[in-house]
Amino acid sequence: MTETGQQNQPGSLGADVEGGPAKKNAVAGRGDPGTRGRTTIADGVVEKIAGIAARDVVGVHAMGSGVSRALGAARERVPGTSKSVSRGVKVEVGETQTAIDLEIVVDYGVSVADVAAAVRESVISAVEWMTSLEVVEVNIAVSDVKLPDEEDEEAEQPRLQ
């Protein structure tokens, strides 16, 4: 038998009206749910985020050195494989910080300094927002310039039958 009608009302779940369940848990000494446990982020996760963010910058033609791009293009022609978004990206991830090294190819006619600054800003913003890791440095190596009349190494080539 109940003394008040509140316990039988839908949605009350026995929590006090002012604090709600979250306040009740904190008062009980359980703390904020966000502090219960540890989250680790793999290097590959940060590599993918950084690779996608860098490729989105206007003036970045490709990522990686000529050798890695050629090997990647050959690998992508194998059925069942996909494009590697982390090509040209190396990271070191700690508990709260990360450092990122990028190797890029820029389009001819763009300011290399401006592209590098835009890549750095894009990568830092994406990685910090998605992972909450502090990006302590983004080192960018420009390994090549894509000339307008050069063939694209990653262009689709006909398959032998």
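Q: How many helices and strands does the chain have?
A: The chain has four helices and four strands. Here helices are DSSP runs of H or I with at least four residues, strands are runs of E with at least two, and both are numbered from the N terminus. This is a predicted model, where local features need pLDDT of at least 70, side-chain atom pairs count only at pLDDT 80 or more, and totals for chains, interfaces and linings use all residues. Residues are numbered from 1 along each chain as its sequence is written, and side-chain values use heavy atoms, without hydrogens and water.

Q: In what order do the elements run from the N terminus?
A: They go α-α-β-α-β-β-α-β.

Q: At what angle do H2 and H4 cross?
A: Roughly 140°. H2 covers residues 43-55, H4 covers residues 112-131, and their axes come within 8 Å. Axes are lines fitted to C-alpha atoms, for helices over the stretch in contact, and angles run from 0 to 180 degrees between N-to-C directions.

Q: What does that make H2 relative to H4?
A: Oblique. Under 35 degrees is roughly parallel, over 145 roughly antiparallel, 65 to 115 roughly perpendicular, and the rest oblique.

Q: Which residues of H2 make the contact?
A: Val 46, Ile 49, Ala 50, Ala 53 and Ala 54. On H4, the partners include Val 119, Ser 122 and Met 130. Contact means heavy atoms within 4.5 Å.

Q: New topic: what share of the chain is buried?
A: Buried residues are 25% of the 161. Buried means under 20% relative accessible area, with a 1.4 Å probe and protein chains only.

Note on methods. Buried < 20%, exposed > 50% of the residue type's maximum accessible area, 1.4 Å probe, protein only.
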